[in-house]
Amino acid sequence: MKRTCAMCPAELPLMARSHARTCSPRCRKAMSRAAKSDATPTELKTRDRWVRRSAAKVPLTVGGMPASSTDPQTWSTHTDATSSTAGVGLGFVLSDTDDVVCLDLDHCLNPLTGRLAPWAAAILRDAGTTYVEVSPSGDGLHIWGRADVRQGRRIRRPDGTAVEIYGTGRYIAMTGRRHGSCPSILADLSAVVSKLTA
C-alpha cells in the first residue's frame, strides 16, 4: 500500500520507517510549524469527535482501524488524535448533537498565489467572521460555523465547481491551516446556508 506525505502529495520513500508521516526533512519541519500554529477553534478541540484519516480520506480510529462518522465509539479526543500516527492526518466528525457545520468549497483557491475565486470570495464575505481553513488538497476551503443543517447538500455551480454543506453524519478532513487572518471562532452561518440552499 502506498503511503503519502502528510504535508504534500508526494509518496513516502520506499524505505521510510513505519511511523514516518512526511517525505522529507522540509515537510517534517513544515508540519511541525503547522502543529505549533494550529488555529483550530477550541470549540472543536474540546469535542470528542476526532478521527484520523488515510491518504484516500478514509476515516480511521487512533489505532488505525476503520472509523465511522456515525459511531461515537470510533471517535476520540483531539489530544489522542493528534498524538496518533495512524493515517496521514486528522478529521472532525459532524454530529446532530450540536449545530456545528462545515461549508466545503472545492477548487476555489489558487495554491500558488493564494488568490480566491470570485464566487468563493462572495461566500466567504457572507459567512462573516468565522474559522476557515485550507483543505488538504490546497485548492479548497472549509468554512466552519453554526447552523441547523440536518441534511447534507451538494450544490453544483454552473461553472462545474461545487459547494457542499454538512452538519451531521459526515467527517471533514482537517489541516489546521488557517486561511488568511480568520479568527479561531465559530460564527452563525444560518444566513449564508439559507442563501446557498434557496
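Visitor: How many aromatic pairs does a search of the whole structure find?
Guide: The model is a predicted one, and rings of Phe, Tyr and Trp pair if their centres lie within 6.5 Å. With that cut-off, a search of the whole structure gives a count of two.

Visitor: Which residue forms an aromatic pair with Trp50?
Guide: The pair is edge-to-face, with 65 degrees between the planes and 5.2 Å from centre to centre. Trp50 belongs to strand β1 and its partner to strand β3 (residues 89-94), so the contact ties together parts that are 42 residues apart in sequence. The partner of Trp50 is Phe92.

Visitor: Is Phe92 buried or exposed?
Guide: Buried means under 20% relative accessible area. Phe92 has 0% relative accessibility and therefore counts as buried.

Visitor: Which residues form one aromatic cluster?
Guide: Phe92 also forms an edge-to-face pair with Trp144, at 5.8 Å centre to centre and 80 degrees between the planes. This pair links distant parts of the chain, with Phe92 in strand β3 and Trp144 in strand β6 (residues 141-146), 52 residues apart. The one cluster is made up of Trp50, Phe92 and Trp144.

Visitor: Which strands stand at the edges of the sheet?
Guide: The open sheet has four strands in the order β2-β1-β3-β9, with antiparallel pairing. Two of these strands have a single partner strand each, so one side of each is left without a neighbour in the sheet. They are β2 (59-60) and β9 (170-174).

Visitor: What is the bridge partner of Arg53 in β2?
Guide: Strand β1 (residues 50-53) runs antiparallel to β2, and two bridges join them. In β2, the residue bridged to Arg53 is Pro59.

Terms used. Residues numbered from 1 in each chain as written. Predicted model: local features only at pLDDT ≥ 70, side-chain atom pairs only at ≥ 80, totals over all residues. Heavy atoms only, no water. Pairing = 2+ DSSP bridges. Phe/Tyr/Trp six-rings, centres within 6.5 Å; stacked < 30°, edge-to-face > 60°. Buried < 20%, exposed > 50% of the residue type's maximum accessible area, 1.4 Å probe, protein only.
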